[in-house]
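Let's take a quick tour of a protein fold, one topic at a time. Have a look at the picture first, then read on.

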Amino acid sequence: MQIENCTAVFKLLPYNKRFSYENFIQLARHGINTEYNPRRFHSIIMRVRHQEYKTTAALIFQSGKVVLTGVPNPALANRMAWRVTKRIQASYKATGNDYSYLKIGVRNLIVTNIVGAYRHSKKLAIERLYSYLRQRQNITCYYEPTIFPALRFKTKIEGRDGEASCLCYISGRVILTGLKSQKEMEIIFDNDILPLLEKFPRL
């Protein structure tokens, strides 16, 4: 299983400081590759392109919180956070005013979600897999092919409170979400997901 992308969160401002309305609007107006439509969504969206023509979106809130989506992997989260931060600093500098008092930086960076993807060599017997999972007490599963083509189920994450969500398609494609580290992904895939894929091939 390979990491598809991840989501990370960090704070731009120290302590519990927030952007003033004026500062927030200045960033929306002068930001690099930004869009802001408060009628649709109450954050500024900044897009950052990187290798292979992929894009990471930074959702910048007036509270100073930033949510990074579409980060290629956890190892790049810190680099992407600093790229966004430097763009914000450059945007404020372009206004001609001194915003150094805001002390913009990367604080408390945390990876909150990792998405993993895998393509099995064989198609899956989704109906038989669904029947098997329904009999297990520690797993919640859903399968309504007329509404959504994938079997969905959740499994416990060892070592912390929380569950990982898994989507299994007849084609053999598997999507795993709700993870916070590559180690968690590897443990759940090797111990829980892969044995099921091997056990229920489509004949």
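Before you start, one term: two strands count as paired if DSSP finds at least two bridges between them. Keep in mind that what you see is a predicted model.

- Strand 1 (residues 2–11) and strand 6 (residues 107–119) are an antiparallel pair with eight bridges.
- Look for Lys11, which stands opposite Arg107 in strand 6.

**Helices on the sheet**

- Which residues of helix 1 are buried? They are Asn23, Phe24, Ile25, Leu27 and Ala28.
- The cover over those buried residues of helix 1 includes strand 2, strand 3, strand 4 and helix 2 (77–94).

**Strand 4 and its neighbours**

- Strand 4 is mostly covered, with five of its six residues buried.
- On one side, strand 4 runs antiparallel to strand 3, and six bridges join the two. Here Arg47 stands opposite Ala57 in strand 4.
- Strand 4 also runs antiparallel to strand 5, this time with four bridges. Ala57 has Thr69 as its bridge partner in strand 5.
- Strand 4 and strand 5 make a hairpin with four residues between them. In that turn, Gly64 has a positive phi of about 95°.

- The largest nonpolar core has 56 residues, and Leu68, Leu151 and Phe153 have the most contacts inside it. At least three residues of this core come from each of domain 1 (7–111) and domain 2 (120–200).
- A second, separate core has five residues, among them Ile45, Leu59, Phe61 and Val67.
- Who does Phe153 touch, if you leave aside its neighbours within four places in sequence? Its contacts include Leu133, Ile139, Cys141, Ala164, Ile193 and Leu196.
- For background, nonpolar side chains tend to be buried together in soluble globular proteins.

**Aromatic rings**

- The structure holds 10 aromatic pairs. In one of them, the rings of Phe41 and Phe61 have centres 6.1 Å apart and planes at 70°, so the pair is edge-to-face.
- Phe41 lies in the loop between strand 2 and strand 3, and Phe61 in the loop between strand 4 and strand 5 (65–71), so this pair ties together parts that are 20 residues apart in sequence.
- Are these two buried or partly exposed? Phe41 is partly exposed, because its relative accessibility is 33%, while Phe61 is buried, with a relative accessible area of 16%.
- Phe19, Phe24, Tyr36, Tyr92, Tyr99 and Tyr101 form one aromatic cluster.

- Thr7 is in strand 1, and it counts as buried because its relative accessibility is 18%. Leaving aside neighbours within four places in sequence, Thr7 is in contact with residues including Val67, Leu68, Thr69 and Ile110.
- Tyr15 sits in the loop between strand 1 and helix 1. Its phi is near 55°, a positive value in a residue other than glycine. With 74% relative accessibility, Tyr15 counts as exposed.
- Asn33 is in the loop between helix 1 and strand 2, and it has a positive phi of about 55° although it is not a glycine.

Technical notes. Residues numbered from 1 in each chain as written. Predicted model: local features only at pLDDT ≥ 70, side-chain atom pairs only at ≥ 80, totals over all residues. Heavy atoms only, no water. Buried < 20%, exposed > 50% of the residue type's maximum accessible area, 1.4 Å probe, protein only. Contact = heavy atoms within 4.5 Å. Core = buried A, V, L, I, M, F, W, Y, C linked by side-chain atoms within 4.5 Å. Domains from an automatic or database assignment. Phe/Tyr/Trp six-rings, centres within 6.5 Å; stacked < 30°, edge-to-face > 60°.
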